[in-house]
Amino acid sequence: MKDRRLTDPERLVMGVFWDADRPLSASELIRLAVDATWSENHYFKILRSLEKDGFIQVRSLERKGTRYARQFAACISKEEYVARIMKMEELPRKTLAKIALSFVGEDVLRMSAGEREALISELQEMLERYKNEGDGE
């Protein structure tokens, strides 16, 4: 996969894949991409670019009447993409905690006690996985 930023149209298309969380045919993608009013050819151009650079891949073929439609799926999650961008920006790892806190920010104040506990639990699990990876486990 190429280390590059997605263009705005590519990011919109990838957003459809990320939200759907399943393989999509080009016709399904066009139907779900309600924020875009591009021609069908433009969608195909974007799909070719994303496939060429390894952001999506053909997962299966689906029969549609007498034709077969390719089903595409994302090869990278939204979170993985954002992490790659951060690495491309060469942000030091020590800023990760600060970035995470800036995402949560004032939202923590609006969370219920249960939501805060769930967030803390999720963060603790992530830290444990990180520690275990560092130990070579």
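The legends below describe close-up views of a predicted model.

**View 1. Helix α1 and its buried face.**
The 13 residues of α1 should span 18 Å at 1.5 Å a residue, and the end C-alpha atoms of the helix are 18 Å apart, in agreement with that value. Glu 10, Val 13, Met 14, Gly 15, Val 16, Phe 17 and Trp 18 are the buried residues of α1. These buried residues pack against the helices α2, α3 and α4 and against β1 and β2. Asp 8 is exposed, at 55% relative accessible area, while Arg 11 is partly exposed, at 38%.

**View 2. The nonpolar core around Met 14.**
The largest nonpolar core has 21 residues, and Met 14, Phe 17, Leu 47 and Leu 50 have the most contacts inside it. Two or more residues come from each of α1, α2, α3 and α4. Helix α1 gives the most to this core, with five residues. Apart from neighbours within four places in sequence, Met 14 is in contact with Leu 6, Leu 50, Phe 55, Ile 56, Ala 74 and Ile 76.

**View 3. The salt bridge between Lys 2 and Asp 53.**
The side chains of Lys 2 and Asp 53 form a salt bridge, at 3.6 Å from N to O. This pair joins distant parts of the chain, 51 residues apart: Lys 2 lies in the segment before α1, and Asp 53 lies in the loop between α3 and β1. Lys 2 is partly exposed, with a relative accessible area of 44%. Asp 53, by contrast, is buried, at 6% relative accessibility; the cut-off for buried is under 20%. Both residues belong to a network of salt bridges that links Lys 2, Arg 4, Glu 10, Lys 52 and Asp 53. Glu 10 is also one of the buried residues of α1. The count for the model comes to eleven salt bridges.

**View 4. The salt bridge between Arg 22 and Glu 28.**
Arg 22 and Glu 28 meet through their side chains in a salt bridge, at 3.2 Å from N to O. Side chains of opposite charge can pair when their charged atoms come close. Glu 28 is buried, with a relative accessible area of 13%. Arg 22 is partly exposed, with a relative accessible area of 39%.

Asp 21 sits in the loop between α1 and α2. Just after α1, this residue takes a positive phi of about 55 degrees. Most residues other than glycine have a negative phi. Asp 21 is a residue other than glycine with a positive value. Asp 21 is exposed, with a relative accessible area of 68%.

**View 5. A nonpolar patch on the surface.**
Val 58, Leu 61 and Tyr 68 form a nonpolar patch on the surface, with about 310 Å² of accessible area together. Val 58 is partly exposed, with a relative accessible area of 31%; a residue counts towards a patch at over 30%.

Conventions: Residues are numbered from 1 along each chain as its sequence is written. This is a predicted model: local features need pLDDT of at least 70, side-chain atom pairs count only at pLDDT 80 or more; totals for chains, interfaces and linings use all residues. Side-chain values use heavy atoms; hydrogens and water are left out. A salt bridge is a side-chain nitrogen of Lys or Arg within 4 Å of a carboxyl oxygen of Asp or Glu. Helices (H or I, at least four residues) and strands (E, at least two) are DSSP runs, numbered from the N terminus. Buried means under 20% relative accessible area, exposed over 50%, partly exposed in between (1.4 Å probe, protein chains only). Patches are made of residues with over 30% relative accessible area and no salt bridge: like charges are joined within 9 Å, nonpolar side chains (Val, Leu, Ile, Met, Phe, Trp, Tyr) within 5 Å. Accessible areas come from the Shrake-Rupley method with a 1.4 Å probe; for residues, only the protein chains shown count as cover. The expected span of a helix is 1.5 Å times one less than its number of residues. Contact means heavy atoms within 4.5 Å. A nonpolar core is a set of buried Ala, Val, Leu, Ile, Met, Phe, Trp, Tyr and Cys residues joined through side-chain atoms within 4.5 Å.
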